[in-house]
Amino acid sequence: MKNKFFNTMCSIFLACFIVMIFTPFITLAIPTTQTIPVTTSISPPEPEVTETASENSTSAKDITTNQSSDPEYDTYTYTERQQNNMPTILPPTELYYGTKTIYLTFDDGPDPENTARVLDILKENNIKATFFVLGTQVQNHPTMLKRIYEEGHAIGNHSYNHIYRELYQSPDTYLEQLHHNDDIIKNVLNVRPHISRAPGGSAGTFTKTYWDLLQNQGYIEVGWNISSGDASSAKADELVSNIIQQTNKNTFLWSHAILLMHDSGGHEETVKALPSIIKFYKEQGFEFRIINSKTPPAW
Ligand SMILES: [Zn+2]
């Protein structure tokens with residue numbers, strides 16, 4: 001009797017022991033969802049979306065969370081955001097400073113011939129660039145804009161018509177041209193760019209009101225710090241040596257070298273020079289990036 005009691009107690013003790021030992025494993029194995037918090041706590045916390053970012057705005061969220069070098073767009077124009085009481089100011093973002101980074105930029109297109117040739121050369125070299133387009137050109141060549149977009153390059157707003165005396169009459173006329181071009185671009189791509197570049201540059205034309213309006217309406221003005229000099233009648237080899245000279249002289253700009261070129265009609269020399277320009281930067285070990293909200297100001 002005593003022996004039986006002893007055996008029973010031993011069995012109970014053994015059973016308890018087994019349960020104690022294996023319980024943690026059983027608990028972990030059965031509800032698989034319990035392991036998820038462990039995984040999520042290891043991965044970096046979701047970056048905070050500021051109050052200015054809207055839940056409806058994929059672009060605002062992308063800008064805060066996207067650490068890659070992808071182009072950024074908005075699914076709403078400034079006017080649409082205003083009409084729907086949506087935030088219009090972009091959330092703050094961390095700027096990207098590389099050791100050797102080159103941003104190739106092309107203004108005044110799209111052009112049926114030169115843009116197509118530029119895109120072919122970029123594709124052959126497996127690199128991406130940024131195109132600041134004009135509304136008048138997009139109206140005439142929407143399929144070329146689509147090709148730029150579909151091949152993964154970045155698109156920026158370069159005003160509607162580039163006519164200085166109309167464009168720079170006042171900050172309002174400038175912004176009206178950006179809005180007009182946004183509507184034209186959105187009509188083709190269903191998105192609006194955030195980046196813009198003032199024709200002729202902002203120096204000497206922008207007052208504080210221009211900068212304030214651009215910021216309030218979700219635009220990022222993009223300058224340049226290396227000029228190809230292709231607005232002149234320079235030949236391809238002169239353009240290449242201009243660029244090499246400026247790049248080598250200003251090593252402090254290598255963290256974000258922004259090169260200005262043109263892909264509009266009449267810039268065949270730029271197209272001719274492009275393979276040598278790309279070769280130079282590749283040989284120097286530069287990283288090619290497109291312009292987005294993480295690109296530092298040129299100066
Ligand atoms: Zn221009």
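The model is predicted, and local features are taken only where pLDDT is at least 70, side-chain atom pairs count only at pLDDT 80 or more, and totals for chains, interfaces and linings use all residues. Residues are numbered from 1 along each chain as its sequence is written. The protein has twelve helices and ten strands; helices are DSSP runs of H or I with at least four residues, strands are DSSP runs of E with at least two, and both are numbered from the N terminus.

**Overall composition**

- Of the protein's 299 residues, 37% count as buried. A residue is buried if 20 or more other C-beta atoms lie within 10 Å of its own, exposed if 12 or fewer, and partly exposed in between, with C-beta atoms placed from the backbone.
- Among contacts in the protein with a separation of 6 or more, 79% are between residues 24 or more positions apart. Two residues are in contact if their C-beta atoms, placed from the backbone, lie within 7 Å.

- Strand β2 covers residues 101-107, and seven of its seven residues are buried.
- In a regular strand the side chains alternate between the two faces of the sheet.
- On one side of β2 are T101, Y103, T105 and D107, on the other are I102, L104 and F106, and all of these are buried.
- β2 runs parallel to strand β9 (residues 257-262), and six bridges join the two. Two strands pair if DSSP finds at least two bridges between them.
- Within this pairing, T105 has L260 of β9 as its bridge partner, and L104 has L259 of β9.
- β2 is also joined by three bridges to strand β3 (residues 130-133), again in parallel, and D107 stands opposite F132 of β3.
- Strand β10 (residues 287-288) pairs with β2 in the parallel sense over two bridges, with I102 opposite F288.

- Six of the six residues of β9 are buried.
- A257, L259 and M261 point one way from β9, whereas I258, L260 and H262 point the other way, and all are buried.
- β9 pairs with strand β8 (residues 226-227) in the parallel sense over two bridges. In that pairing, I226 has L259 of β9 as its bridge partner.

**Connections through helices**

- β2, helix α5 (residues 114-124) and β3 form a right-handed β-α-β unit. A crossover is right-handed if, with the strands pointing away from the viewer, the path from the first strand over the helix to the second runs clockwise.
- Another right-handed β-α-β unit is made by β8, helix α11 (residues 236-249) and β9.

**Contact between helices α9 and α10**

- The axes of helix α9 (residues 171-189) and helix α10 (residues 208-216) come within 9 Å and cross at roughly 35 degrees. Axes are lines fitted to C-alpha atoms, for helices over the stretch in contact, and angles run from 0 to 180 degrees between N-to-C directions.
- P171, Y174 and L175 of α9 make the contact with T209, Y210 and L213 of α10.
- The residues of this contact divide into five nonpolar, one polar and no charged. Ala, Val, Leu, Ile, Met, Phe, Trp, Tyr, Cys and Pro count as nonpolar, Asp, Glu, Lys and Arg as charged, and the others, Gly among them, as polar.

- Most residues other than glycine have a negative phi, and most peptide bonds are trans.
- A cis peptide bond, with omega about 0 degrees, joins G109 and P110, and P110 is placed in the loop between β2 and α5.
- D108 is found in the loop between β2 and α5. D108 is not a glycine, yet its phi is positive, at about 80 degrees.
- D108 counts as buried because it has 24 C-beta neighbours inside 10 Å.
- N85, in the loop between α4 (78-83) and β2, is likewise not a glycine and has a positive phi of about 55 degrees.
- N85 counts as exposed because it has 8 C-beta neighbours inside 10 Å.

**Residue N157**

- N157 is found in strand β4 (residues 154-157), and it counts as buried because 28 C-beta neighbours lie inside 10 Å.
- Leaving out residues up to four places away in sequence, N157 touches L178, N181, D182, P193 and S196.
- N157 and D108 are 49 residues apart in sequence, and their C-alpha atoms are 9.7 Å apart in space.
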